[in-house]
Amino acid sequence: MNMEMILTMPSATSQGLIWGVMVLGLYITFRILDFADLTVDGSLALGGSISAVLMSNGVNPFLALLVAALAGAAAGCVTGLLHIKLKIPGILAGILTMIALYSVNIRVMGRANTPLLGKETIFTRVNQMFIGLGSNSQTVAAIALGLLACAAIITVLYWFFGTELGYAIRATGNNQNMVCALGINVGVMQIIALALSNGLISFSGALLAQSQGYADINMGTGALVCGLAAIIIGETFMKDDLNFMVKLIFVVIGSILYRVIIAVALQIGMNPSDLKLFTAIIVAVALALPKFVSRKGALKC
């Protein structure tokens, strides 16, 4: 590994932590709820759009993050209602919400992108604390904020899924028939989980917009595949008997490793237009690898 690759590691780490918030949200639906939610691409851009527009109008950046998270939660509720009330299949419900959010995001911004040049963000505020580090201060500030956000969210999720409501959501993902027999409303559990998931994803989009200094209508494109890649990479280090908090930590580590892999791929000369293909290959290999490992030593039919 040459010096240029080493220098890209801090930046990749900061991006991995910011995207790690999105991956934690995706983990709720993909693994805990066992729901294929395709709202992700739209809700990520929704968070960035709302945050950028609010800050452009002088709103406090922390308040902009909160509003973005609430908007994402509302988007998750729409997907849940389409699925539960209108009996639309979960995958299609997510696609419908994602498509609708494209128009919503255009309406919110009034154009394809919204710059934040000259606007104070949470990153510029924290950057002042590390100004003595020179050119590295922005990266250090992003890493510090990413770590703080991920640690806080992991702690809250660990507490929440240890409550009675959290256990009900986890049980819904494991066995809906059993949950129905216990008198728990499966639809309500799914809507709550979808709202929580997309709230975190939208929060991540708002963080991303403040980090990169602009929001774009296409900033969520491919977010679902990237998130799944991060989850699968993180799960390669997991064991079934791991504590739930440790699993969440490994999910964030997977997000960081994914961003590091992408950074290394770019450094060795990969064309940026090939990154989607590269991500698809990573996901396919990671999904297939456990099956090949489990078959090792088994008798052939």
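In this predicted model, F160 counts as buried because its relative accessibility is 14%, under the 20% cut-off. F161, at 1% relative accessibility, likewise falls into the buried class, and F244 is buried with a relative accessible area of 11%.

**Aromatic pairs**
- The count of aromatic pairs comes to two, and ring pairs link F160, F161 and F244 into a cluster.
- One of these pairs joins F160 and F161, whose rings are 5.1 Å apart from centre to centre with 80° between the planes, an edge-to-face arrangement.
- The rings of F161 and F244 have centres 5.7 Å apart and planes at 65°, and because an angle over 60 degrees counts as edge-to-face, this pair is classed that way.

**Placement in the chain**
- F161 belongs to the loop between α6 (137-160) and α7 (164-174), while F244 is part of helix α11 (residues 244-267).
- The pair of F161 and F244 therefore ties together parts that are 83 residues apart in sequence.

**Charged groups over rings**
- Which ring does the charged end of R170 sit over? The charged end of R170 is placed over the ring of F244, at 4.6 Å from the centre of that ring, and F244 is also a member of the cluster with F160 and F161.
- R259 lies over the face of W19, where the distance to the ring centre is 4.5 Å.

Conventions:
Residues numbered from 1 in each chain as written. Predicted model: local features only at pLDDT ≥ 70, side-chain atom pairs only at ≥ 80, totals over all residues. Heavy atoms only, no water. Phe/Tyr/Trp six-rings, centres within 6.5 Å; stacked < 30°, edge-to-face > 60°. Buried < 20%, exposed > 50% of the residue type's maximum accessible area, 1.4 Å probe, protein only. Helix = DSSP H or I, 4+ residues; strand = E, 2+ residues; numbered from the N terminus. Lys NZ or Arg CZ within 6 Å of the ring centre and 35° of its normal.
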